[in-house]
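Me: I've got a structure to go through. Can you walk me over the contacts with me asking as we go?
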Amino acid sequence: MNLSPDNIIYWHMGFFKLNATIVFTWGLMLVLVLGSKMITRKLSTELQRSRWQNLLEMIVTGINQQIEEVGLKHPQKYLGFLGTLFLFVAMASLFTIVPGYEPPTGSLSTTAALAICVFVAVPMFGIEENGVGKYLRGYMKPTIIMLPFNIISEISRTLALAVRLFGNMMSGTMILAILLTITPFIFPIIMSALGLLTGMVQAYIFSILATVYIAAATRVRSTKPENGPEEATEDKTESVSRS
Amino acid sequence: MLIDWFTVIAQVINFLILVWLLKRFLYQPILGAIDAREKRIAAKIADADAKEAEAEKQRQAYQQKNEAFDQQRNTQMNEVLEAAKVERAQLLDATRQDAEDLRVRLEQALRNEQHSLNEELSRSTREEVFAIARKTLSDLADISLEQRMTEIFLDRLRELSTAQITELTSAFKKSSGTLLVRTAFALSAQQRAAIETAIGEMLGKEKQIEFDTLPGLVSGIELSADGRKIAWSIADYLGSLAQRVDDLLKNRSETEGPAPADMATITPEGVDHSGH
């Protein structure tokens, strides 16, 4: 019983190793990229279009809309990063229905890597939008006393992001494994279905939290709190964090 | 240790590659397709709007054309009606004129017929008169009409005034031809001799006298030379008689009453003295 797919090592040479996490990640990447490429190879700009194209358009425009609803003014700029986050986590969960598959998101290394990406991306987008000085001054608001707390908040929420996803994915796999030993029939299927739902919810939470962090970095710090959308964003952050 | 740092690094790299690949193969093409479609739709809508505007413009143009056409048609219709009215009036006038002409012709024909009837009437009347006179004279005085007419003619010759005789003499003398005595009947040798004697006494004997018979002569007997003429005629009697008959007929046709009873007496005129 492995707690993490990191422990399943196929090949090892010094610092380099090829474990299940990396292999399954590659597999997911392959599926995502090849699927996209195959569908987008013959895109139609007419009113008539294939069902696969329709599906992809729905997904892409759906993500776009979500990003916009959180409060980012130019969602297409963030679509690559945030959309990939969502798609990767969602696909990782979805493939749990394949026997023998270990979700890479069930490894703390993967979730940590994703969280690190978010941790780096938030100030990057913030600085891109507002400039270095203005972004850094945001940490000293409302007073300079808040600086250490802001920094702690920044790090802790990244940690929470990583651990939340890891815990949920790992627990899903774990519960399934345990239930299989206790009640091998029917019940694991229900739990598996529940696991799919949880995985989708986690994918949504992970990406929406990243979106909210980026929105906060680009907007809330750059402008004085003036109107409703900011509070709404904060509220959303709160509600999502609680889940 | 739950975190394997090599895996973390590898996963970060993997994720960044995935981001790049999906951007390249998923988001850009899909968003491009959507944008292109939206552009097409916008273009189509704009095109449709333009076409609609064009159609509206054309519709208005056609409406104006229709109105102009209607107006023109009405104008032309009015013109045609006017022309027809004028034509009708002209035709009516022409027909009226034709009818008038026909009426005039008919009247003329009627007059001619009446005239010929009158002539016929006067001739037959004359003949009747002659017949009656002849019969009466032979019954009463045992003399012929011809003889009596000759006597009357001779009486008239003798009763001419001196001025008239002078005028006649000069006229007959100037004439180069012979004197012509025309009668409606053949004269006997005795009568001819009497006439020759009478003329000779009056005009001198140098002139040759010819006798001619014209059965249709209205006047009973006439002497003519070089346009001058002395005659005894019942033409006036006949004219007067015809007038009275006409009056009678007219009165009868107007009133449908009885003809007037009184008949004017026929008075003989003197010598018909005419010449040109």
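Reply: What follows covers salt bridges, a hairpin, a helix and the interface, all in a predicted model.

Me: Start with charges. How many salt bridges are there over all chains?
Reply: The structure holds 12 of them.

Me: Which residue does Glu154(A) form a salt bridge with?
Reply: Its partner is Arg157(A), and the closest N and O atoms are 3.0 Å apart.

Me: Are Glu154(A) and Arg157(A) buried or exposed?
Reply: Both are buried.

Me: Over to chain B. What does Asp93(B) pair with?
Reply: Asp93(B) forms a salt bridge with Arg96(B), at 3.3 Å between the closest N and O atoms. The two sit 3 residues apart in helix H1 of chain B, which covers residues 5-140.

Me: Why does Arg96(B) count as exposed?
Reply: Because its relative accessibility is 53%, and the cut-off for exposed is over 50%.

Me: And Asp93(B)?
Reply: Asp93(B) is at 44%, so it counts as partly exposed.

Me: What about Arg103(B) and Glu100(B), how do their side chains meet?
Reply: In a salt bridge, 2.7 Å from N to O. These two are also in H1 of chain B, and being 3 residues apart they are separated by about one helical turn. Arg103(B) is partly exposed at 41%, and Glu100(B) is partly exposed at 35%.

Me: Which residues are linked in a network?
Reply: Arg49(A), Glu57(A) and Arg37(B) are linked by salt bridges.

Me: Change of topic: strands. How do S1 and S2 of chain A run?
Reply: Antiparallel. Ile9(A) stands opposite Asn19(A) in S2(A).

Me: What is Gly14(A) doing in that hairpin?
Reply: Gly14(A) takes a positive phi near 65°. The hairpin has 2 residues between the strands.

Me: Now helix H2 of chain B. How far apart are its end C-alpha atoms?
Reply: They are 21 Å apart. The helix has 15 residues, 145-159, so at 1.5 Å a residue it should span 21 Å, which agrees.

Me: Which of its residues are buried?
Reply: Leu145(B), Glu146(B), Met149(B), Thr150(B), Phe153(B), Leu154(B), Arg156(B) and Leu157(B).

Me: Last topic, the interface. How many residues are in contact?
Reply: 47 residues of chain A are in contact with 30 of chain B.

Me: What area is buried between the chains?
Reply: About 3600 Å², and carbon and sulfur atoms give 76% of that. On the chain A side, Met29(A), Thr45(A) and Thr84(A) lose the most area to chain B. Together they make up 14% of what that side buries.

Me: How many salt bridges cross it?
Reply: The rule finds 2 between chain A and chain B. Lys17(A) forms a salt bridge with Asp4(B), with the closest N and O atoms 2.9 Å apart.

Me: And residue pairs in polar contact, how many?
Reply: The count between the chains is 11.

Me: Which elements of chain A supply at least two residues of the side that touches chain B?
Reply: S2 and helices H1 (20-41), H2 (51-70), H3 (75-94) and H4 (108-130) each do. H1(A) gives the most to that side, with 10 residues.

How values were computed. Residues numbered from 1 in each chain as written. Chains lettered and ligands numbered in written order. Predicted model: local features only at pLDDT ≥ 70, side-chain atom pairs only at ≥ 80, totals over all residues. Heavy atoms only, no water. Salt bridge = Lys/Arg side-chain N within 4 Å of Asp/Glu carboxyl O. Buried < 20%, exposed > 50% of the residue type's maximum accessible area, 1.4 Å probe, protein only. Helix = DSSP H or I, 4+ residues; strand = E, 2+ residues; numbered from the N terminus. Pairing = 2+ DSSP bridges. Expected span 1.5 Å × (residues − 1). Contact = heavy atoms within 4.5 Å. Buried area = accessible area lost by both parts, 1.4 Å probe. Polar contact = N/O pair within 3.5 Å; in protein donor to acceptor, adjacent residues only side chain to side chain.
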